[in-house]
Amino acid sequence: MASPLPPLTVFDVETTGLDPRRGHRIVEIAALRIENEMIDEMLSFVSLVNPDRDIPWEARQVNKITDEQVRGAPGIEEVLPKFLEFAGGSVLVAHNARFDMGFLECEKDVCWGYVELPECLCTMRLSQALFPRDVGHNLDAVARRLGLTIPKTRHRALPDVMLTAHALMKMIELGEIASIEDLQTLCGIGVKT
């Protein structure tokens, strides 16, 4: 028997670069809960993160986050446990989850004690499964395909999370996805790096 959709936590990270194995770090993390298949925009988590390194010019051009903005922010060892507490009892969801989970996997090593990351589903994989003949499955392409408005503040964590959450719910509706098993099959179960 299929299980209904559990609580979901859609999240996104902004970073100093593209590869955490080369020392790139998280500079912002945001999340939004979906409970009873409803997006609760009032139930959100957002935090800048001090990466303990300079933010390269290229990253600043994308996410508009400066060294000055993160200088007084908490480190990942403080932010990641709070984010995981916020996401507790839910399944994580991200667009291009391999990227975001790759950063969480690397960053968890600096946290005190052992940090267990929950399962993460990927909305990019969901788009590829539902629209296999369409070209382009980045978040902008998915949003346009679904008729969603792309925020002017793209590439900041919270606006990206809101866009991903709305895209997820629209794809769940279009795909007539009623169970967590169907969603896991289409999104990829437990995306890891």
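Me: How many helices and strands are there in the chain?
Reply: This is a predicted model, and its chain has 8 helices and 5 strands. Starting at the N terminus, the order is β-β-β-α-α-α-β-α-β-α-α-α-α.

Me: What's the radius of gyration, and what would a compact globule have?
Reply: The chain has 16 Å, and a compact globule with 193 residues would be near 16 Å, so the two agree. The C-alpha trace spans about 45 × 35 × 30 Å along the principal axes.

Me: What share of the residues is buried?
Reply: 50% of the 193 count as buried. As for the surface, the chain exposes about 9,800 Å², with carbon and sulfur atoms supplying 53% of that.

Me: OK, switching to α8. Which residues are buried there?
Reply: I180, L183, Q184 and C187, in a helix that covers residues 180-187. They sit on the same side of α8 because their arc around the axis is only 100°.

Me: Why would that spacing put them together?
Reply: An α-helix has 3.6 residues a turn, so residues three or four places apart point the same way.

Me: And what do they pack against?
Reply: β1 (8-15), β5 (120-122), α5 (123-130) and α7 (157-174).

Me: Now α6: what caps its N-terminal end?
Reply: N138 does, with a side-chain oxygen 3.1 Å from the backbone nitrogen of D140. After α6 comes G147, with a positive phi near 75°.

Me: What covers the buried residues of α6?
Reply: The cover includes α5 and α7. The buried residues themselves are L139, A141, V142, A143 and L146.

Note on methods
Residues numbered from 1 in each chain as written. Predicted model: local features only at pLDDT ≥ 70, side-chain atom pairs only at ≥ 80, totals over all residues. Heavy atoms only, no water. Buried < 20%, exposed > 50% of the residue type's maximum accessible area, 1.4 Å probe, protein only. Helix = DSSP H or I, 4+ residues; strand = E, 2+ residues; numbered from the N terminus. Arc of directions from axis to C-beta. Contact = heavy atoms within 4.5 Å. Polar contact = N/O pair within 3.5 Å; in protein donor to acceptor, adjacent residues only side chain to side chain. Rg over C-alpha atoms; globule rule 2.2 N^0.38 Å. Areas by Shrake-Rupley, 256 points an atom, 1.4 Å probe, with all protein chains shown as cover.
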